[in-house]
Amino acid sequence: MTTSKTVLDLIDAFRRSKTMFAAVELGIFDGKRPQHCKELPRLLDACVSLGLLEKNGDTYSNTPETDKYLRSASPDTLAGYVQYSNNVLYPMWGHLEDAVREGGHRWKQTFGFEGQIFSHFFRSEDAMREFQRGMHGFGRLSSPEVVSAFDLSPFHRLIDLGGGTGHLAEAVRERYPHLEANVFDLPGVAQMFPGTIAGDFFTDPLPEADLYSLGRILHDWSEDKIRMLLSKIYNALPAGGGLLIAEKLLESQYVSGHMQSLNMLVVTEGRERSATEYDSLLRAAGFSQVDSRHTGAPVDAILAIK
């Protein structure tokens, strides 16, 4: 029987997201109740209806899930990614039609920015911290699942290329204590996280390792840049060395994968890919063994062996 449920749900979906975004921006889940907000009770009651707050009389409190993932001081917080979604992605998605018509990201159209995409992400120290904070929350959810998707015990030294806060390297060290793990990232990021090796994986020599990782990196870039980077990694690896990739695998019924691919269209030069597409790219770079696994986390895992 045909119903309107799916259409009505999608019409309403952005309102639910924006309600959560506004509550995070106003510090609601950190216990703040801004006095200058004339309609605060209306927002609080909406959060109760979404299951983000509990109400007892006139008192509002976080649900356990909210306390873990939306309170800014929680080690598992996703508040940084919520703020990034609200302040950057939400306005850029307003130009999705133009991105589909014309191709290419919407940084200039939305914010007037010129230049490479990561010059926008890192346009200021605050913007850089907000982006890294957002990625860290997702990494805390995903990295333990990614590093447990395959047996990494044969490897001895991991370098996580573009690894940001180090959440994947940390997950590797926790699961494989013998495996030395470090991060290689841009100088501005390295200054924020002591111990990070500073460099640009496109232009600088890669630190020596028998296992490299790329977490949510390949989906940012064009096919030409990806081929160049994969070839560079392959050439840097010893025989038997590996490349661990954390990306969302695209499948026909995988809604979040298609939403993320549209996000890449709006924000970056890249897109999401299927397991078959990654297999072709990696084998073209020279890798002889390629395996992919769904993790159940926000990103999946691919392991390629030289």
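Two strands are taken to pair if DSSP finds at least two bridges between them; strands (E, at least two residues) and helices (H or I, at least four) are DSSP runs numbered from the N terminus. The structure is a predicted model, in which local features need pLDDT of at least 70 and side-chain atom pairs count only at pLDDT 80 or more, while totals for chains, interfaces and linings use all residues. Residues are numbered from 1 along each chain as its sequence is written, and side-chain values use heavy atoms, with hydrogens and water left out.

Seven strands form an open sheet in the order 5-4-3-6-7-9-8, with mixed pairing. Strand 5 (197-198) and strand 8 stand at the edges with a single partner strand each, so one side of each has no neighbour in the sheet.

Ile159 has Asn182 in strand 4 as its bridge partner. Helix 11 (residues 223-236) packs on the sheet and touches strand 3, strand 6 and strand 7 (242-247), its direction making about 160° with that of strand 6. Helix 9 (residues 167-175) lies across strand 3, strand 4 and strand 6 (211-215), and runs at about 175° to strand 4. For these angles, axes are lines fitted to C-alpha atoms, for helices over the stretch in contact, and the angles run from 0 to 180 degrees between N-to-C directions; contact means heavy atoms within 4.5 Å.

Turning to the helices, Gly80 is placed in helix 4 (residues 79-93). Gly80 counts as buried, at 1% relative accessibility, where buried means under 20% relative accessible area, exposed over 50%, and partly exposed in between (1.4 Å probe, protein chains only). Neighbours within four places in sequence aside, Gly80 is in contact with Glu130, Arg133 and Gly134.

Salt bridges, defined by a side-chain nitrogen of Lys or Arg within 4 Å of a carboxyl oxygen of Asp or Glu, number 16 in the whole structure. One network of them links Asp9, Asp12, Arg15 and Arg16. Asp12 meets Arg16 at 3.2 Å, N to O, and forms a salt bridge with Arg15 whose closest N and O atoms are 3.7 Å apart. Arg16 and Asp12 are four residues apart in helix 1, and are therefore separated by about one helical turn. Arg15 is partly exposed at 48% relative accessibility, as is Asp12 with a relative accessible area of 29%. Another salt bridge joins Asp67 to Arg71, with the closest N and O atoms 3.1 Å apart.
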